[in-house]
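Notebook open, model loaded. I wanted to look up a few packing, sheet, pocket and backbone details and jot them down.

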Amino acid sequence: MCETCGCAVNHHPHEHPHHGDDHDHHHDHGTAESAGGPHALLAMNDRLAAGNRRHFREHGVTVVNIVSSPGSGKTALLERTIRTLAPELRVAAIVGDLATDNDAARLRSAGAPAHQITTGSACHLDAHMIHHALDDIRLGDLDLLLIENVGNLVCPAAFDLGEDLFVVLLSTTEGEDKPLKYPVIFLKADAVVLNKTDLAAAVEFKRDIAMANIETAAPKAKVFTTSARTGDGVEAWLDYLRRHVKAKRSLAG
Amino acid sequence: MHEFGIAQGLMDVVLGRAREAGATRIEQVNLAIGVLAGVEEEALQFAFRALGEDTPAAETRLVVEKIPLRCYCRPCDAVFECKPFAYRCPTCGAASAEVRTGKELNLVSMEVS
């Protein structure tokens, strides 16, 4: 039994009350009364996220939650990030997909321990999944934990994982107006990475329009433009990670 | 998509409370949902109805109060309502991402009988 979340480890049959036999349909109208006070529906996730965040802080580990639509280049950017940073920082990754451990295998080849979460049909990672993935990851041996979320620009916005940085990646092939179409997730972004700049010309990508849309939808975000394939622009992104790792380490003493 | 999971969480809470109150029927559930909560009311209503079949929540009215997005403007020291999704202060034009309301996803109250 897991003490934090109360579930059987890696198995969490939630208790769903069963009704039927003992429930009679004899209704007595007009005597409605109130039952219980306010309750945050994501309280469970937020509580577990706070627990994750506390663990990360205790170990001085910087945690990055990376979201994008499928095929924007999250794994490619992380491969390059790991290849460059692994010799200087202790890096690990958690990857979420509905099926396969292909991405974790790619990140392992790039040089970091990688834990694959296969969500089955779930469209996002939640704090509970991360909490259990941490059974496999020794935080004391880490500086930087990269979490590659399920490819989806909708649902991951609602689930705090306990991260320090929420990063939204989009690619030039997706069109300039993506930030306006998915405003909820972009508003949450600490950083936006515009990837696949090497393909910009081929798809007649209008950079000025895209940048204006990012500024509108993600006013607080740092913006990076990269080609994960060629490495162009990646250095500024890596410096951003290095700065955060250093700051968090110094906080942890 | 994830509205189903959220509806299940909500269902667990309201059925639990109805049981504690010794009620056989949940008349109404009042929610407050911010425009940034990432929850579609229609999808949530559908999931709640589907999950409530053959339970005390079978005929429950799910009433949703939509909470608008309001941001804080530092230069003006004022809170302003954002038109989705332009986060500029109408007074000074500064962009702000300091969200004050709009992320709520709360069960406010419920009535049972």
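**Helix crossing, chain A**

I looked at α2(A) against α8(A) and found that α2(A) passes α8(A) in a right-handed crossing (right-handed if the near helix is turned clockwise from the far one by less than a right angle, left-handed if anticlockwise). Helices here are DSSP runs of H or I with at least four residues, strands are runs of E with at least two, and both are numbered from the N terminus. The axes of α2 (residues 74–85) and α8 (residues 234–252) of chain A come within 11 Å and cross at roughly 65°. That makes α2(A) roughly perpendicular to α8(A) (65 to 115 degrees; under 35 is roughly parallel, over 145 roughly antiparallel, the rest oblique). Axes are lines fitted to C-alpha atoms, for helices over the stretch in contact, with angles from 0 to 180 degrees between N-to-C directions.

**Ground rules**

I'm working on a predicted model, where local features need pLDDT of at least 70 and side-chain atom pairs pLDDT 80 or more, while totals for chains, interfaces and linings use all residues. Residues count from 1 along each chain as written, chains are lettered from A and ligands numbered from 1 in written order, and side-chain values use heavy atoms, without hydrogens and water.

**Sheet, chain B**

I traced an open, antiparallel sheet of three strands in chain B, ordered β4-β3-β5 (a pair needs at least two DSSP bridges). β4 (78–81) and β5 (99–101) of chain B each have a single partner strand, so one side of each edge strand lacks a neighbour in the sheet. Neighbouring strands in this sheet are turned by 40° against each other on average, direction ignored. β3 (residues 70–73) of chain B pairs with β5(B) over two bridges, and I found R70(B) opposite T101(B).

**Second largest pocket**

I got about 540 Å³ for the second largest pocket (the space filled by probe spheres on grid points joined across faces, edges and corners). A pocket is an open set of points on a 1 Å grid over the protein atoms alone, where a 1.4 Å probe fits, with protein on both sides within 12 Å along at least five of seven lines; lining residues have an atom within 4 Å of a point. This one has 25 lining residues, with A157(A), A158(A), D160(A), K188(A) and K103(B) nearest its centre.

**Positive phi**

I noted K196(A), not a glycine, with phi near 65°, in the loop between β8 (191–195) and α7 (207–217) of chain A.
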